[in-house]
Amino acid sequence: MASNPASSQSSGAAESTLSTTIRRSLGAPLQVQTYKNLLYLALAFPLGLVYFVSLVFGVALGVGLLITWIGLPILLVTLFAATAVAGFEAALARYLGDVNASVPTFLAEFDVSDGLVFPGNGFVDAVKRLVTARTTWTSVVLVLAKFGFGLLSFVALTVSGAVTGAFLAAPFIYDDPDVVLGISGMVVDGDYTVGPWVVDTFPEALVASVVGVVFLFVALNLLNSLARFHARYTANLLQVDDEGL
């Protein structure tokens, strides 16, 4: 009975993809991209906090002063700042997240040589381009979402680092009476604990370190996936739409 060439090619492609995924997962600690991803995640929380506070302050101040002439300019400056921040996030996604992310439309069309656009000198057209570009508003979504992603990244990095470190350090400090450390457990009479597991012998400490190595690989791959997700999310939000709104 003759084999189906298409089926054979599909099976071969699936095996190749699986093999590549396994190699990438096992090689995570040795890949430069892993450490770029970790830096990307580490920056997310402080940046997200600054973005969120600044945007909320700008919008609140602008809305509060709308009854005067200065409120609208503040809102426009805040909107432009959110677009500029999104451009910075696109750069981070490219250089740290390893994805092809475009800058917002307004920034892509901005020519520094033209200088600042003041009222009466094409100002209305510039404002129209800013507020009608789809990527201007997706930039606002990105800036707001960055805070949530930053918080998630902070928790993921802290928990994975603490748990991995607790396991890996067991052979070196499990019998040190001056060490008081417990991860989701209790320390009783100076015993070294990892969760409910009390590590008080060297063989147990070695087993804990092996578990730590396994957890290290798992944690790095999960953190890589989290960083890739956010970088691709950023790129998708900032896809250039030349037609505007």
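**Exercise 1. Compare the annotated spans with the model.**

The unreviewed UniProt entry annotates "transmembrane region" at residues 38-60, 66-88, 149-174 and 205-223. Positions follow the numbering used here, feature names are shortened, and such annotations may be inferred rather than shown by experiment. The model is predicted: local features need pLDDT of at least 70, side-chain atom pairs count only at pLDDT 80 or more, and totals for chains, interfaces and linings use all residues. Residues are numbered from 1 along each chain as its sequence is written, and side-chain values use heavy atoms, leaving out hydrogens and water.

Task: state the helix content and end-to-end distance of residues 38-60 and 66-88.

Solution. 
1. Helices are DSSP runs of H or I, at least four residues; strands are runs of E, at least two; both are numbered from the N terminus.
2. Residues 38-60 are 100% helix and 0% strand, with end C-alpha atoms 34 Å apart.
3. Residues 66-88 are 78% helix and 0% strand, and their end C-alpha atoms lie 29 Å apart.

**Exercise 2. Describe Thr 138.**

Task: which residues does Thr 138 touch, not counting those up to four places away in sequence?

Solution. 
1. Thr 138 belongs to helix α6, residues 134-168.
2. Its relative accessibility is 12%, so Thr 138 counts as buried.
3. With contact meaning heavy atoms within 4.5 Å, Thr 138 touches Leu 237 and Leu 238.

Definitions and conventions: Buried means under 20% relative accessible area, exposed over 50%, partly exposed in between (1.4 Å probe, protein chains only).
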